Amino acid sequence: MTRQAARGHAHLWFVGPALFLMFAILLLPIAVAAGLSVTDYGLGNLSNEFVGLQNYERIFTRSTYEKMFGATFRYVGVVVPVSVALGLGAALLIHSLGRMGDLYKTIYFLPVMAALIAMAIVWEFALHPTIGYVNRGLELSCGTVLERLSFFAEGCDRTFPLWLTDRDTAIWTVAFIGVWQGFGFNMVLYLAGLTGIPRELYHAAEMDGARSAWERFRLVTWPMLGPTTVFVVTISIIRSFQVFDMVEAFYPQGGGPSKSVYVMMFAIYEKGVQQNLMGIGAAITVVFLGFVMVLTLLQRRLIERRTHYV
Amino acid sequence: MSDAAIAAPRVESQGYRFPVSETIKHAVLIIGALIVLFPFYVMISLSLKSPPEILQNIGGFFGSQETFIDDACLIVGGTEEECLKNPVVYNYTTAFEKAPLVRYMLNGVIVTASIFLIQVLIALPCAYALAKLRFWGREAVFGMVLFCLLIPVHAIALPLYVMLAKLGLTNTYAALVIPWTISVFGIFLMRQFFMTVPDDLIDAARMDGMSEYAIVWRVMLPTAIPALTAFAIFSVVAHWNDYFWPRIVITGDRTLFTPPLGLREFKGDADGDNYGPMMATAVVIVTPLVVAFLLAQRRFVEGITLTGMK
């Protein structure tokens, strides 16, 4: 009986610490962020006034934050579709090659493993307007047949793109690096999805007259990858919303040329940590959390519906 | 299913494809691989070259490996002979001498190891209780785990930072570790895994007079090794490469820098970008995980794809 009683309490010791940490580290900060977002708090400040929704009002009216949303949505808008499409394309090609595709799989997954901050610094050098490998490589085209193309003609005439330091190209260049880093991860998820499709379905589709590879893809592969796609898309969105490392490495001050790369995570860091404007930083945090949570819930809904359907 | 069985042999006879299509697939994948590998090539190549070779872009991949005169050494007052350096030796020794890189690496190991150990210590018993013990409120606790899965820790970094600052914990190891001690994802993963462990195993252990604590660590832990390995890889990769959180809580104290922070410091140096040693540092930081990945690919892919489920 006494042992039974001891068993009866074991769960408290097992669940207690985890429960406490969930409250203290995950739930309490959300409350703290919500609380701070309606004040003008700063670490070490004596005044801590209630300012109502003023911080939120700023976020949705000031041009700085307009740029913040612009940069974030541009980045997400490019990285998500491109990295999902490339991930799917690579997975389909590699899957169709069988064991011979393994080497490509390894290579494409390398950027996922490497510390992004390190690779960002390498990219910054490679994309350097004058001494970088990319523009030096492009200069080789000068005087060749390629110069007939307007891009090369213009580049040889004046300069090739400045990539990270031009406000027209900066965000797209950063997005390119984001795709470079992330599509291998999507590829692996798609490969897992592809191995889960029963071969019989392809046979059945063929019986029904789906002769071409495209038909088989449209009728079998794509619908069967539905849940994987929902998953991959949501994960890509959430991950790309959180882009920070590159932006801070390239533009430690101010978020790039004319703030064109001023993404949300960087804004939180700059306002909250660098400038000690906790109120506004917390308000951006709340908006950010809202985005991420809605997206994750949406994903769960969609996957549940899909799996019922399939 | 009988239809499929009939269809099978027919499809196999069509399974041969033109070598042309195979060649095109390989060509596309090779181009992709070259783009993916490009920054790794740049990183390694620059870490082998002397400063003049880097700035003039000569010497191919390995550089000429001719000795060069280190200007910084001359300024300090070295004689020309003392300042003759071999590029590789110079780059890598400078990487280790100029910044306490060994210390940074050690910090990285300490932080990632402590995070993983504490995560397991907290998550495993909780997962066991949620999977195998019946107690009042179990569903509520599990519901909370599911809710907390929605919260990315990076997104709540600002309130966490305020809380840690209030506790006077910024610039400590504790600040680097505390936010990651609770892995709701780990709990969820382990719980799902424990659900598949037969109850008989636990009942037998109880018959033998084992306490619940002994069951968790001596029966459940060994059965969970595969899931735990995948989780370990997921956790170590995420925290070894993490730049955002250390950047926020470690502000002044260089002795607490993790490898990504150390690399960043190199970049912001006042005496201009010294690319050779900087790339050598990047190589040193990226290599451990990449080598581990190449040695145990399958496990790594399993582990990292867990990231997606977070």
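**Core packing and chain contacts in the predicted complex**

Ala282(B), with residues up to four places away in sequence left out, touches Met43(B) and Leu263(B) as well as Ala118(A), Ile121(A) and Val122(A). The model is predicted. Ala282(B) also stands out within the largest nonpolar core, which holds 176 residues: together with Ala118(A) and Val122(A), Ala282(B) touches the most other members. Both domains of chain B contribute to this core, with at least three residues drawn from domain 1 (2-96) and at least three from domain 2 (98-309).

Contacts between the two chains involve 77 residues of chain A and 75 residues of chain B. On the chain A side, helix H1 (residues 2-36) of chain A supplies the largest share, 17 residues. The side of chain A that touches chain B is made up of 62 nonpolar, nine polar and six charged residues. For the complex, the predictor gives an ipTM of 0.89 and a pTM of 0.88.

The mean pLDDT of chain B is 84, and 90% of the residues score at least 70. Within chain B, confidence is highest in helix H6 (residues 101-132) of chain B, with a mean of 93, and lowest in helix H1 (residues 2-14) of chain B, with a mean of 42. Over residues 1-14 of chain B, pLDDT stays under 50, and the model has 13 contacts beyond four places in sequence for this stretch. Where pLDDT is low, predicted coordinates should not be read in detail.

Key: Residues numbered from 1 in each chain as written. Chains lettered and ligands numbered in written order. Predicted model: local features only at pLDDT ≥ 70, side-chain atom pairs only at ≥ 80, totals over all residues. Core = buried A, V, L, I, M, F, W, Y, C linked by C-beta atoms within 7 Å. Buried ≥ 20, exposed ≤ 12 C-beta atoms within 10 Å, placed from the backbone. Domains from an automatic or database assignment. Contact = placed C-beta atoms within 7 Å. pLDDT = per-residue confidence, 0-100. Helix = DSSP H or I, 4+ residues; strand = E, 2+ residues; numbered from the N terminus. Nonpolar A, V, L, I, M, F, W, Y, C, P; charged D, E, K, R; others polar.
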